Number of protein chains: 2
Amino acid sequence: VPLLGGDVEVRFDRAAVAVDDATIGLLRDVCERVDVDDRSRLAAGRDWWPLTVGWALAGEVPARAGAVARPATTAEVAGVLAVCSDRRVPVTPSGGRSGVCGGAIPVFGGVALDLCGIDGIVAVDNDSLLVDVRAGTFGDRLESDLRAGHGLTLGHWPQSIALSTVGGWLACRSAGQYSSRYGKIEDMVVGLEVVLADGRVIHTGGTAPRAACGPDLTQVFVGSEGALGVITEARLRAWPAPAYQRGVAYGFATFADGLDACRRTMRRGATPAVLRLYDPTESSRNFDQPGCVLLAVDEGDPGLVDAGLRVLHQESRPAVRLADGLVERWLAERNDTSALEWAVRHGLVVDTIEVAARWSALGAIYGGAVGALEDLEGTVSASAHQSHAYPDGACLYFTFAGQTAAAEDYYRRAWDAVVAVTLAQGGALSHHHGVGLNRGRHLAGALGPAFGVLTAVKAALDPAGILNPGKLGLPSPFGDAPWP
Amino acid sequence: VPLLGGDVEVRFDRAAVAVDDATIGLLRDVCERVDVDDRSRLAAGRDWWPLTVGWALAGEVPARAGAVARPATTAEVAGVLAVCSDRRVPVTPSGGRSGVCGGAIPVFGGVALDLCGIDGIVAVDNDSLLVDVRAGTFGDRLESDLRAGHGLTLGHWPQSIALSTVGGWLACRSAGQYSSRYGKIEDMVVGLEVVLADGRVIHTGGTAPRAACGPDLTQVFVGSEGALGVITEARLRAWPAPAYQRGVAYGFATFADGLDACRRTMRRGATPAVLRLYDPTESSRNFDQPGCVLLAVDEGDPGLVDAGLRVLHQESRPAVRLADGLVERWLAERNDTSALEWAVRHGLVVDTIEVAARWSALGAIYGGAVGALEDLEGTVSASAHQSHAYPDGACLYFTFAGQTAAAEDYYRRAWDAVVAVTLAQGGALSHHHGVGLNRGRHLAGALGPAFGVLTAVKAALDPAGILNPGKLGLPSPFGDAPWP
């Protein structure tokens with residue numbers, strides 16, 4: 001990706017809010033590091049949304065921040081937000097900017113708030129399996145520090161683990177590959193430190209494994225994508241680093257058969273960390289196997305792991321057991337996205353769309369969405385796997401590729417098609433990539449009248465509307481979101 | 001309890017808001033059943049808070065509602081709230097009124113909103129283990145309908161199961177006795193139907209086992225105790241009714257030893273449904289045993305249950321295994337509160353206080369709270385058990401009894417003492433009984449600056465302040481909460 005001199009084209013700059021010198025001065029009074037050089041301002045306009053990657057290849061970035069604030073402490077974050085609230089300057093918080101929905105891109109200029117300098121483990125209570133960690137900590141560093149220093153694991157393995165931060169996970173409701181045992185990040189979080197739009201610092205939850213002290217305010221900010229407050233620290237549940245791990249693979253005749261085995265396994269109370277089922281297209285492409293490959297990995301206490309995998313084995317009949325090497329191959333290659341990148345570089349319009357639904361709706365969503373993608377003019381490939389299983393349903397993870405001159409139009413139609421099928425079957429718009437810019441146009445429709453609660457909470461907590469404007473489909477005082 | 005003619009004394013009536021005839025007329029236009037007789041109005045002022053029970057024995061009720069609305073549909077609830085918002089009339093929602101903190105007592109008069117007429121199962125998706133149930137459904141009816149009609153269980157067994165409703169559980173963050181396997185009600189809920197203060201009906205969540213579509217709005221209303229909206233229906237996770245159940249009992253030398261065995265068991269990933277540890281006072285009183293009795297019950301898939309109980313057995317060494325009859329006795333007597341009622345009738349000031357904290361704080365909270373209660377003049381008995389265990393901590397459930405002429409003063413000092421010890425150790429004010437009136441004075445202090453988020457959300461969702469005023473320690477346009 002050719003980056004990023006001062007003369008690239010800036011796609012959304014027509015909507016930019018300038019950050020004047022007086023504001024820069026005020027920001028520098030409260031935050032030691034505030035960058036205004038071109039390279040910083042342009043780099044803050046990038047993430048891993050396929051559209052921004054494609055634009056970058058064409059010498060274009062979505063938007064240019066007016067300044068990039070890089071706080072090293074919560075107090076500096078509070079200072080920056082107080083200044084920006086006061087002066088009505090948009091603030092776009094970011095972590096590793098590995099998001100794939102444009103959520104960390106400033107679309108109205110203003111201040112980009114880079115939280116990566118607020119990092120590291122603050123405290124570990126090993127008896128209680130709790131870790132306090134700063135929001136800008138990258139996932140791989142957290143996991144290695146927990147293991148080496150404390151014999152613990154978080155159990156959170158998003159594909160982006162080396163590119164993404166704790167704060168980004170929480171802001172966007174991240175899922176790791178081991179979620180059937182460890183849960184998603186919203187299941188792992190016990191409490192938060194959050195800076196509100198006006199600079200107030202609050203602490204939510206954090207006192208106990210469960211409480212009955214009013215609504216769980218932690219969950220107001222988990223998934224708020226920087227639009228309701230800025231997460232600066234989190235208390236997360238950890239687990240003993242497992243000494244025991246097993247993987248197994250099965251081959252099913254059909255995707256429906258495999259889904260049903262996953263469903264019955266979870267229904268009996270088993271919780272294998274990983275339970276992934278690939279459709280015929282992906283089984284063939286990824287594993288050179290006919291039919292549908294199911295991969296399972298579990299880890300932890302040997303007796304509990306073995307008991308759970310026995311349930312899976314019983315429920316997988318009459319599928320055939322496949323070689324364990326398939327699991328090893330997946331474990332080795334699971335974070336490699338080079339095939340996607342290759343496709344983008346070769347002019348294909350490629351993306352993944354993850355949605356979730358109850359078990360009884362998954363068959364119709366799978367068939368309907370793959371069919372709708374295949375019906376689109378330009379589609380080269382459409383496929384899916386079930387990536388995260390729960391007792392009541394699962395995540396379907398679609399991949400599509402198209403070849404067309406009208407790339408952005410095709411991209412939008414592909415998304416609209418999968419979203420329409422999912423919502424018609426009562427499913428959820430997103431399982432773990434969040435909303436950001438890309439799904440913003442769909443959120444009000446997906447939530448229905450409950451969207452009014454989100455807008456009311458937004459207005460109450462951020463009356464000036466400075467926090468990540470243009471995202472989550474929320475109204476913004478700076479205008480409508482430029483995409484779409 | 002002598003109930004409840006028109007001439008009993010009404011303790012909080014000095015603060016009552018009248019409901020005039022015009023308003024009664026408007027209410028009757030939108031809700032078929034609106035009662036204004038004395039018996040209904042007084043009965044709506046009762047719950048199971050020990051103070052109200054004591055007052056009733058003295059011929060006193062806390063407050064008198066102006067009218068009792070008994071809607072049979074969500075549309076009727078919406079109509080009642082729209083009228084009351086418009087006319088600035090307080091509304092106090094209630095289910096079974098089995099709460100023990102005064103949360104369902106109208107303290108400013110106005111309308112009591114009895115939701116028990118909105119009941120029954122709406123739909124069951126057995127493949128997805130999801131049940132849609134109306135908020136006024138009582139627990140025992142839901143459980144028996146699920147088992148008989150669908151072969152399912154909710155797994156939620158609060159002591160109040162025959163007296164409490166689904167909506168009450170959700171509003172107050174209820175826990176059942178089997179929570180270490182099935183979770184608390186906030187873990188079981190997938191989505192809600194809620195009527196907002198102005199009468200708008202919204203649906204939160206409900207689409208998928210997990211989602212990343214902004215904050216989980218369901219959790220804004222779970223625990224809101226009727227102050228942010230009125231829950232009229234819920235989608236809950238269920239499980240196959242178990243064919244296999246096992247119980248075991250162990251005897252530990254000390255409470256600390258027993259706590260540590262519970263902690264190590266959960267740490268290894270075992271999830272026995274029940275894991276209860278009694279201190280020496282309660283082990284002696286309830287089971288005629290020396291030392292500290294640990295009871296465990298699990299149910300579900302035999303292989304998983306046996307594997308989990310093996311972990312418990314290993315981690316309970318060197319405790320002695322006690323007779324299984326102790327478990328059977330507990331199962332038979334677990335919902336019997338006659339000893340408490342006997343004590344109240346005999347002039348003792350008796351209550352239970354449940355708090356929760358991380359494992360590393362539980363020892364200090366146990367010792368500090370029992371010591372503080374014993375130090376109070378008038379205390380006859382102070383004891384505790386660990387009632388709900390999680391990987392990161394547990395609930396401690398204190399019981400105190402005092403004999404004193406200054407009953408209410410003693411009662412308040414007992415609560416203040418346990419709360420002070422708990423908060424000083426970083427624990428949570430309540431695990432599953434909620435806040436209501438009794439804990440209202442402590443909530444702002446317990447939440448710290450995050451309380452400002454709760455008040456902001458309250459103001460945004462209920463600008464007229466009509467919903468359950470005087471509870472959760474929230475500011476109210478009708479004055480301060482009369483207790484304390």
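1. Which residues does A:His388 touch, not counting residues up to four places away in sequence? The model is predicted, and in it the list runs as follows: A:Ala175, A:Gly176, A:Gln177, A:Ser179, A:Ser180, A:Leu275, A:Gly393, A:Ala394, A:Cys395, A:His431 and A:His432. A:His388 itself sits in strand β19 of chain A, residues 379-390. One of these neighbours, A:Ser179, also makes a polar contact with A:His388, side chain to side chain, at 2.8 Å. Is A:His388 buried or exposed? The residue has 4% relative accessibility, so it counts as buried.

2. I would state the percentage along with the label.

3. The surroundings of A:His433 include both chains. Leaving out residues up to four places away in sequence, A:His433 touches A:Val100, A:Cys101, A:Cys172, A:Thr352, A:Glu354, A:Tyr397 and A:Arg439 in chain A, and B:Ala212 in chain B. With A:Glu354 there is also a polar contact between side chains, at 3.1 Å. A:Glu186 is a further reference point: 247 residues separate A:His433 from A:Glu186 in sequence, and their C-alpha atoms are 13 Å apart in space.

4. A:Glu186 has a charged partner. Its side chain meets that of A:Lys184 in a salt bridge, 3.2 Å from N to O. Both ends are buried. A:Lys184 has a relative accessible area of 0%. A:Glu186 has 8% relative accessibility.

5. A second salt bridge in chain A pairs A:Glu315 with A:Arg264, and the closest N and O atoms are 2.8 Å apart. A:Glu315 is buried, with a relative accessible area of 14%. A:Arg264 is partly exposed, at 23% relative accessibility.

6. B:Asp20 and B:Arg87 form a salt bridge, with the closest N and O atoms 3.8 Å apart. B:Asp20 lies in the loop between β1 (9-10) and α1 (21-30), and B:Arg87 in helix α4 (residues 74-87), so the bridge ties together parts of chain B that are 67 residues apart in sequence. Both residues are partly exposed: B:Asp20 has a relative accessible area of 39%, and B:Arg87 has 33%.

7. Salt bridges also join up through shared partners. One network takes in A:Asp127 and A:Asp301 from chain A, together with B:Asp260, B:Arg263, B:Arg264, B:Arg268 and B:Glu315 from chain B. Over all chains, the structure holds 62 salt bridges.

8. Now the interface. How many residues does the contact take from chain A and from chain B? It takes 85 from chain A and 85 from chain B. Between them the chains bury about 6500 Å², with 61% of that area on carbon and sulfur atoms.

9. Polar and charged pairs cross this interface too. There are 10 salt bridges between chain A and chain B. One salt bridge joins the side chains of A:Arg358 and B:Asp125, at 2.7 Å from N to O. Polar contacts across the interface come to 24 residue pairs. On the side of chain A that touches chain B, helix α18 (residues 451-461) gives the most, with 7 residues. That side divides into 46 nonpolar, 22 polar and 17 charged residues.

10. Last, the relation between the copies. A rotation of 180 degrees, with 0.0 Å of shift along its axis, superposes chain A on chain B at an RMSD of 0.0 Å. That is the relation of a two-fold axis. Why can one say that the copies meet through the same surface? Because 100% of the interface residues of chain A are also interface residues in chain B.

Key:
Residues are numbered from 1 along each chain as its sequence is written. Chains are lettered from A and ligands numbered from 1 in the order in which they are written. This is a predicted model: local features need pLDDT of at least 70, side-chain atom pairs count only at pLDDT 80 or more; totals for chains, interfaces and linings use all residues. Side-chain values use heavy atoms; hydrogens and water are left out. Contact means heavy atoms within 4.5 Å. Buried area is the accessible area (1.4 Å probe) that two parts lose on being put together, summed over both. A salt bridge is a side-chain nitrogen of Lys or Arg within 4 Å of a carboxyl oxygen of Asp or Glu. A polar contact is a pair of N or O atoms within 3.5 Å; within protein, one must be able to donate a hydrogen and the other to accept it, and residues adjacent in sequence count only if both atoms are side-chain atoms. Helices (H or I, at least four residues) and strands (E, at least two) are DSSP runs, numbered from the N terminus. Ala, Val, Leu, Ile, Met, Phe, Trp, Tyr, Cys and Pro count as nonpolar, Asp, Glu, Lys and Arg as charged, and the others, Gly among them, as polar. Copies are superposed by least squares on the C-alpha atoms of residues with pLDDT of at least 70 in both. Buried means under 20% relative accessible area, exposed over 50%, partly exposed in between (1.4 Å probe, protein chains only).
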